[in-house]
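The sequence and structure are shown below.

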Amino acid sequence: MGVVMPDLIQSDPIPRKVDVVIIGGGIIGTCTALFLAEKGLQVALCEKGRIAGEQSGRNWGWVRQMGRSPEELPLAIESMRLWDGMNQRVGGETGFRRTGIMYYAENRTLQKEHEAWLDHAMKYQLPSRILSPDQMAELLPGMAIRPLSGLYTATDGRAEPHLAAPTIALGARAAGAHILTNCAVRTVEYSAGAISGVVTEAGPISCSTVVLCAGAWSRLFAGNMGVNIPQLKILSSAARIEGVTLPDMPVGAGDFAYRKRTDGGYTIARRNINPYPLTPDSFRLLPEFLPTILKSWREFSLTLNDRFWTEMRVARSWQSDEVTPFEQTRVLDPRPDEKLNYEGLANLRKNYPNMGEGRITHHWAGLVDVTPDAVPILSKVEEIPGFYLGTGMSGHGFGIGPGAGKLLAELVMGKSTCVDPTPFRFSRFTKGFVRNREPGHSKHQGSK
Ligand SMILES: Cc1cc2nc3c(=O)[nH]c(=O)nc-3n(C[C@H](O)[C@H](O)[C@H](O)COP(=O)(O)OP(=O)(O)OC[C@H]3O[C@@H](n4cnc5c(N)ncnc54)[C@H](O)[C@@H]3O)c2cc1C
């Protein structure tokens, strides 16, 4: 049983010259392409596989402001505004609806966290509220568990992952962007110290600006340019169930989560357990990630599996005339943890004993790219003029995709920005740039 696949988008012919090349056709790349193309820039979006084939087509589909960190909240608020108008803007269906979202607080620690977040959110006049169990039951008919309280935001919502990025990509195409699928970017090229283009597997494209939105692949791609993005990957599994009736709004409890889908089913998951497959990068990046690991170790279960050996064998350096890891793995399709999905379903059933049969029709997983502070990188790379990063979305990039794309487009155009970009700057990782080789002149080290 595999992921419910995103709709296929056929590739445009490769253009010879554009203003901006975007690498990666997830929610961040497609939104960036849309906002740049709408402003009249010539854009080529290159996706090695399918639009939304990876994280952006595999996520839970929650679009929330609730629980966002102080750094991200303004971007989340801006994104909700953009989601509201997205269907009309792109002339298609993203599945976006404002349904509200509810979190459960089953213990006092969680309740205190909710209260602290609410204090912070009040500055932004969000309608978020702490609800009593009775108030929760009014909004969630059929719930049997009585948590201490709930945190509820009526203006949050959901969208449909297999529709959203493809629909936005088509909107970007209608605005003039070239959408290239099955088209991996191999290298960024330079002339007189400035970016002069990229080489894709289908040929070169001249450009002066490149935006890297490659999700779980960003660190590998940037590494070949001598740029060290501190980014690790966490496995997140989910399943589609059918044959149940549940409330409309997404709910996140301590040990389950669900969201109503537009195809009549629900996406469910076991919440708050994240298998973390060890890879060679886990050791390379240990100093950067150690504080996070120590703080949140309860949420992560370290696993040593074939992922370690798969990544060990991946080439970390290549030239433009070589087949790259991006062509070798068109779509990253990790094995889901089915046991966790069944656990999530069992916990959901305890909460809604009368929900119906609840049969799992699909299991899938995604590798979530995370930064040491769990805040995205939406930023220029100071040392390489014309090179931008839109990555490290840390497990919550779907909801803020539109805002992130708009911010990146504004940064590229040198315009005033919709939110303060400071929290997202790449330079906060002080060892970010390691010019260990000349850009474009990487030494091939072969597979390891
Ligand atoms: C199970 C799960 C549940 C989640 N739930 C939520 C949620 O409810 N709400 C939320 O906000 N977020 C959620 N997330 C996180 C969210 O899905 C991601 O943060 C977001 O989709 C990241 O988007 P992206 O565009 O950065 O990356 P991706 O969607 O991964 O896209 C990157 C793309 O780049 C392409 N690429 C890579 N290298 C190259 C190359 N060299 N050339 C061309 N193309 C390349 C890849 O093929 C890929 O398609 C969840 C994630 C998972 C896995």
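Two residues are in contact when heavy atoms lie within 4.5 Å. The model discussed here is predicted.

**Helix packing**

In helix α1, the residues Ile27, Ile28, Cys31, Thr32, Phe35 and Leu36 meet a set of residues in helix α13, namely Gly401, Pro402, Ala404, Gly405, Lys406, Leu408, Ala409, Val412 and Met413. Sorted by class, this contact of α1 with α13 comprises eleven nonpolar residues, three polar residues and one charged residue. The crossing of α1 and α13 is right-handed.

Another helix contact involves α3 and α6, whose crossing is left-handed. Here Trp83, Met86 and Val90 of α3 make the contact with Ala164, Thr167, Ile168 and Gly171 of α6. The residues of the contact of α3 with α6 divide into five nonpolar and two polar, with no charged residue.

Two packed helices are described by the angle between their axes and the distance between the axes. The table gives these values for both pairs.

| Helix pair | Residues | Angle | Axis distance |
|---|---|---|---|
| α1 and α13 | 27–38 and 401–413 | about 50 degrees | 7 Å |
| α3 and α6 | 73–90 and 161–174 | about 50 degrees | 9 Å |

Angles under 35 degrees count as roughly parallel and those from 65 to 115 as roughly perpendicular. An angle of about 50 degrees between α3 and α6 therefore makes α3 oblique to α6. For α1 and α13, the relation is therefore likewise oblique.

**Aromatic pairing**

The structure holds 13 aromatic pairs. One of them is formed by Trp83 and Phe96, which are stacked with 5.6 Å from centre to centre and 20 degrees between the planes. Trp83 lies in helix α3, whereas Phe96 lies in the loop between α3 and β4 (101–105), so the pair ties together parts that are 13 residues apart in sequence. Trp83 also takes part in the contact of α3 with α6.

**An open sheet**

Three strands form an open sheet in the order β9-β10-β11, and their pairing is antiparallel. At the edges are β9 (185–191) and β11 (203–206), each of which pairs on one side only. Direction ignored, neighbouring strands of this sheet are turned by 30 degrees against each other on average.

Within the sheet, β10 (residues 194–200) is joined to β11 by four bridges, and the two strands run antiparallel. Gly197 stands opposite Ser206, a residue of β11.

Methods:
Residues are numbered from 1 along each chain as its sequence is written. This is a predicted model: local features need pLDDT of at least 70, side-chain atom pairs count only at pLDDT 80 or more; totals for chains, interfaces and linings use all residues. Side-chain values use heavy atoms; hydrogens and water are left out. Axes are lines fitted to C-alpha atoms, for helices over the stretch in contact, and angles run from 0 to 180 degrees between N-to-C directions. Angles under 35 degrees count as roughly parallel, over 145 as roughly antiparallel, 65 to 115 as roughly perpendicular and the rest as oblique. A crossing is left-handed if the near helix is turned anticlockwise from the far one by less than a right angle, and right-handed if clockwise. Ala, Val, Leu, Ile, Met, Phe, Trp, Tyr, Cys and Pro count as nonpolar, Asp, Glu, Lys and Arg as charged, and the others, Gly among them, as polar. Two strands pair if DSSP finds at least two bridges between them. Rings of Phe, Tyr and Trp (its six-membered ring) pair if their centres lie within 6.5 Å; planes under 30 degrees apart count as stacked, over 60 as edge-to-face and the rest as tilted.
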